[in-house]
Amino acid sequence: MKHQSKVKRSNSPADIWREFVEAEIKVKSKLGKILEKSVYGGYEKSTLTIYFAEDELRKAAQGNRDSIQKKLKEQYQLFCDRINFIAGAVPATASTIQTINSTPLQHSYRTHNPLQALYWVEPNLPYERDETQRTKILKDAVEAEQGCNKIYTKLYQRTLQLANGEENTIKVAFNWRLRVGGTRGFRELLLPVLHPVFGIPYIPASTLKGAAKAWAKKHQPSERINELLGILDGKLAKAAKIEFLDAFPIKPCLSLDVATPQWTWQNNKVMYQPVPHPLLSLEQPQFLIGLRPTSKEVADETNKDLQDVKTWLENALKSGIGSRVSSGYGHALGAIPNSNTRKFYDFTLWTQGMYGSNPPSRENRYQGTPEFRPSAVRGILRYWFRAVAFGLYDRATCQNLEEKLFGKLGQQGKLSVSTKINSSNQQNPYVYTGKIYLESPDIHCLNLAEKLLFLASHLGGVGRGSRRTLHLLNGRMRGCHWELISKELPLVYDSEKWRKFFTELNQAFKAVQAPLGSYAVSPGRPKARQQDVLDKNAQVWLLKSPSQIHPHKVKNWQTEGDSSNVRGTALDLLYSDIRFKGQSQGQGNPNVGGALETPSFVWIKSIFADSNCTYQVVTIFGTDHPERQAFAIELKNQGAILVFG
């Protein structure tokens, strides 16, 4: 092309890029239109980096990569083995220049939105499996959102204007965390929905409308729903009377989160393999949700219609919105009454600590950010579900029933677990009080979930240290103590009541999935740890612990926490003999008490049924193993009674 011969040559890659783009713009070429708003980001090791404000322009430039490389090489002597086209802000560390229209481009992620911070170079990331790189990208997004206060303020005012006042809005706060989206693939699994223009997290209007409509279908006549929310059905098509607006947080709330499944299906077995998956969610977000009529009608009628839809949405928010609802995400604050599909239970948890994306390190036990996680409650219910189900059904039935109850990626199960926590500043141990909510549209599934919750609270704890009663070990807080408050609980020291409970548990399973069978599954050796099973090789013992004191009666944990009065009779027995205690520093027995990254085969839970009879429940899995059977014999010698096995 003639214009290329007139271009002034430069030794600077930044100047060469500017000259190249200016030349293409001058002749009004296709490349000129694409590259007009491009920003030079650097040239290193024959790799050129170019930024775009819009992803469409980035894609267009990437489609012309070969042509650009050829022209730069032949006409400008700039050799590029690779060109990285990136949509998003230019990092402050990049060697930036000005755009063609002389707009300054000294940007940093700190001054932009999380969507810009999340853009990457190639569609197939070489570091998708690299947890460090993944986590860094997510942290950058969280950091970028901290500078979005002005955006949130303007959108708050905009929502009020569009909704024509506060009376047509809903201010909602969520108990714990919220995720909208994130059910498919690497990127969507990690990320919540981010607004394509503003680049901040939000709840799309379509999600809000869908939630309100889903609730209304269970409680309102279809004619009324179609009248207010519209219908797309051929000749019956009808426009909605009420419009939902996109909902934005009131202030920054994007947070690094983690999902860590402990047990994973592998080759028709469930193996112990905790793998943390970092992701983003909104931590205790507050939203302003706006509604408005789609047309001007009689004021009184329009106001009633809008108030009805507000009520539908408010009720929907109590049951949860977004993804991972069954794990406690997306539940709004407020009282959630019992119903035919919902039950709740008051609880208290004394714990060594429950953590999300920032747990303590092995080197420094005082690091980490404690956080009560409703997903841990759901996780422990899932563990005990498998423990019982594997003894009653074949593997295929177990897996199908598990997915029916607890769901799978991209599919909601019939059971939802959420919590409402009262704040507590106590540490070492941490103490949480609140309510656990179980919800299911199927009464049999709800009853089964209740039985599993009772089982979990009587055989162990929840979260870290769930297999041990709360105590101090080598100066560190270990274990936990979990109590549910129910007229049916606690189970007293009575073998007949315990055996009756196990019978009722089996009946609850049978009501959901019949017929029952009898299966035996070994939990395996430490290096191949499988899911524990309440089968013929499992035993549950009750051992009186008369001198044990309740956690709230411990005056000084640092001086009393390792005493027999705190540990209890059964845990004392486990720790008293190297044959049974967990392996540590080359001593102990991983076949009984477990080891690092190997869960113990023994659970011990303290029950303070009344002031006259404190006892501990000891569950031993895989007693067909001689070393675990030896511990069972010691329990019997101590006067324990067998209630299962």
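At 0% relative accessibility, Ile-50 counts as buried, a label that means under 20% relative accessible area, with exposed meaning over 50% and partly exposed in between (1.4 Å probe, protein chains only). This is a predicted model, in which local features need pLDDT of at least 70 and side-chain atom pairs count only at pLDDT 80 or more, while totals for chains, interfaces and linings use all residues. Residues are numbered from 1 along each chain as its sequence is written, and side-chain values use heavy atoms, with hydrogens and water left out.

**The chain as a whole**

- The chain holds 19 helices and 22 strands, where helices (H or I, at least four residues) and strands (E, at least two) are DSSP runs numbered from the N terminus.
- Of the 645 residues in the chain, 52% are buried.
- The accessible surface of the chain comes to about 30,700 Å², and 48% of it belongs to carbon and sulfur atoms; the areas come from the Shrake-Rupley method with a 1.4 Å probe, and for residues only the protein chains shown count as cover.
- Among the contacts in the chain with a separation of 6 or more, 70% are between residues 24 or more positions apart, contact meaning heavy atoms within 4.5 Å.

- Ile-50 lies in strand β2, which covers residues 47–52, and, not counting residues up to four places away in sequence, Ile-50 touches Trp-17, Ser-38, Val-39, Tyr-40, Gly-41, Ile-83, Asn-84, Phe-85 and Ile-86.
- For Ile-50 and Ile-86, the separation is 36 residues in sequence and 6.2 Å in space, taken from C-alpha to C-alpha.
- Thr-159 belongs to helix α7, residues 149–163, and is buried because its relative accessible area is 5%.
- When neighbours within four places in sequence are left aside, Thr-159 is in contact with Leu-245, Leu-288 and Gly-290.

**Helix packing**

- Two packed helices are described by the angle between their axes and the distance between the axes.
- Helix α12 (residues 374–389) and α15 pack with their axes 11 Å apart and at an angle of about 90°, the axes being lines fitted to C-alpha atoms, for helices over the stretch in contact, and the angles running from 0 to 180 degrees between N-to-C directions.
- That angle makes α12 roughly perpendicular to α15, given that angles under 35 degrees count as roughly parallel, over 145 as roughly antiparallel, 65 to 115 as roughly perpendicular and the rest as oblique.
- On the α12 side the contact is made by Phe-385, Val-388 and Ala-389, and on the α15 side by Leu-505, Asn-506 and Phe-509.
- By class, this contact of α12 with α15 has five nonpolar, one polar and no charged residues, where Ala, Val, Leu, Ile, Met, Phe, Trp, Tyr, Cys and Pro count as nonpolar, Asp, Glu, Lys and Arg as charged, and the others, Gly among them, as polar.
- The axes of helix α18 (residues 569–576) and helix α19 (residues 626–637) come within 11 Å and cross at roughly 135°, and α18 and α19 are therefore oblique to each other.
- In this pair, Ala-570, Leu-573 and Leu-574 of α18 meet Phe-631, Glu-634 and Leu-635 of α19, and by class the contact has five nonpolar, no polar and one charged residues.

**Loops and backbone geometry**

- Most residues other than glycine have a negative phi, and most peptide bonds are trans.
- Asn-428, in the loop between β14 and β15, has a positive phi of about 50° although it is not a glycine, and Asn-428 counts as partly exposed at 41% relative accessibility.
- The peptide bond from Asn-428 to Pro-429 is cis, with omega near 5°, and Pro-429 is placed in the loop between β14 (416–422) and β15 (430–439).
- Gln-585, in the loop between α18 and β20 (602–610), also is not a glycine and has a positive phi of about 55°; its relative accessible area of 81% makes Gln-585 exposed.
- Ala-514 and Pro-515 are joined by a cis peptide bond with omega of about 0°, and Pro-515 is found in the loop between α15 (495–512) and β19 (539–544).
- Leu-516 is found in the loop between α15 and β19 and is partly exposed, with a relative accessible area of 31%.
- Leaving aside neighbours within four places in sequence, Leu-516 is in contact with Leu-392, Tyr-393, Asn-506, Phe-509 and Lys-510, while Leu-516 and Gly-391 are 125 residues apart in sequence and 9.0 Å apart in space, C-alpha to C-alpha.
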